[in-house]
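Have the model open and turn it as you read.

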Amino acid sequence: MQSPLPVRNGVNATRLRLPPEGPWETALEYILDRFDHVDPEGIGERFDRGEVVALGGETLTRSTPLGEHTFVWYYRELPVEERLPVEISILHRDDHLVVVDKPHFLPTTPGGMYVAESALVRLRVELGIPDLIPMHRLDRMTAGILMFSVDPETRGAYQLLFENRRITKEYRAVAPVRPDLHLDAEPLDVRSRIVKSRTYLLAQEVEGPANTHTTVSLLDRREDRGLYRLQPHTGKTHQLRLHMASLGLGIINDPFYPILHPQAPDDYGKPLQLLAHSIAFTDPVDGTDRRFESGLTLAEFA
């Protein structure tokens, strides 16, 4: 469903579904009741400024009856955010794609306490591309290659690459070494069933048919630490981190796996040692074989 309001300051307007009926006479009364923890006068002022709009572009007023519209859009009041001390490097830009190196600690998209301080919003503002959309996501704590679609006309072709698993990804990670696994001699395929609840912070491995698959190999070793190549063949949340932890190879500086640490402020000197190292695919627009490689390194194995 296309928003009738344009992107503003890099952020999409928020969509709200209104009930067809109820004890409220107007749409404003319903919204005030639903968001009673928000400044009511500020909500009313959004109506006065014409910032609450229906699907067809109609502007709602304070007296618009409930039931006249099903969906409305409005701009959120954005919190004041301190800029994170990390920067995005642009590796490639053309009429269809923007490929960047996302730093550790920067989320891919707005969420929670981070809105302006997300890769998507930063890039929309800095590049002046309001239609920019991420083709995939990286955890906030993971750095590396991140690909964005520029042109809505060709976006679907790139989305199909991900849906049909025609994208080859490689990650690098720094973790302890287990000599008994012989990962420097022969890669290990890890398969398990991973589930992630919206109400629980961690992903979990459970009994049942495998829905994840990662190939793990050891590229280099320095005393008790190794540099690993991780090749995900599926894309579940926290898959790589959980698979490494299940092997007794918890990634260095991982606050979640194998042990959940108490929440603490970000320590920019100790980023998670996980890097989306490269991505390769055949471009669906011109048939070119493309490969993008991160210019970042992992500090614990630099």
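Which residues of helix α2 (residues 40-48) are buried? They are Gly42, Ile43, Gly44, Arg46 and Phe47, where buried means under 20% relative accessible area, exposed means over 50%, and partly exposed lies in between (1.4 Å probe, protein chains only). The cover over these buried α2 residues includes α1 (27-34), β2 (52-54) and β3 (71-74). Just past α2, Gly50 has a positive phi of about 75 degrees.

A word on the ground rules. This is a predicted model, in which local features need pLDDT of at least 70 and side-chain atom pairs count only at pLDDT 80 or more, while totals for chains, interfaces and linings use all residues. Residues are numbered from 1 along each chain as its sequence is written, and side-chain values use heavy atoms, with hydrogens and water left out.

Now step back to the whole chain. You'll find five helices and 14 strands; helices (H or I, at least four residues) and strands (E, at least two) are DSSP runs, numbered from the N terminus. The C-alpha trace spans about 70 × 45 × 40 Å along its principal axes, and 47% of the 302 residues are buried. Take the contacts (heavy atoms within 4.5 Å) between residues at least 6 apart in sequence: 62% of them join residues at least 24 apart.

Next, the inside. A nonpolar core here is a set of buried Ala, Val, Leu, Ile, Met, Phe, Trp, Tyr and Cys residues joined through side-chain atoms within 4.5 Å. The largest one has 37 residues, and Phe148, Tyr228 and Leu230 have the most contacts inside it. Among the elements giving two or more residues to this core are β5 (97-102), α3 (119-127), β7 (143-149) and α5 (239-246), with α3 providing the largest share, four residues. A second, separate core has 15 residues, including Ala27, Tyr30, Ala54 and Leu60.

Thr108 sits in the loop between β5 and α3. Is Thr108 buried or exposed? Thr108 is buried, at a relative accessible area of 3%. Beyond its neighbours within four places in sequence, Thr108 is in contact with residues including Lys102, Ser118, His136 and Leu146. A polar atom of the Thr108 side chain also lies 2.9 Å from the backbone oxygen of Leu138.

The other is Arg241, in helix α5, which counts as buried at 2% relative accessibility. Leaving out residues up to four places away in sequence, Arg241 touches Asp139, Ile251, Asp254, Pro255, Phe256, Tyr257, Leu272 and Leu274. The side chains of Arg241 and Asp139 are joined by a polar contact of 3.3 Å; that term covers a pair of N or O atoms within 3.5 Å, where within protein one must be able to donate a hydrogen and the other to accept it, and residues adjacent in sequence count only if both atoms are side-chain atoms.

Last stop: a hairpin. Strands β9 (residues 188-196) and β10 (residues 203-206) run antiparallel and are joined by four bridges; two strands pair if DSSP finds at least two bridges between them. Six residues lie between β9 and β10 in this hairpin, and Val195 stands opposite Gln204 in β10.
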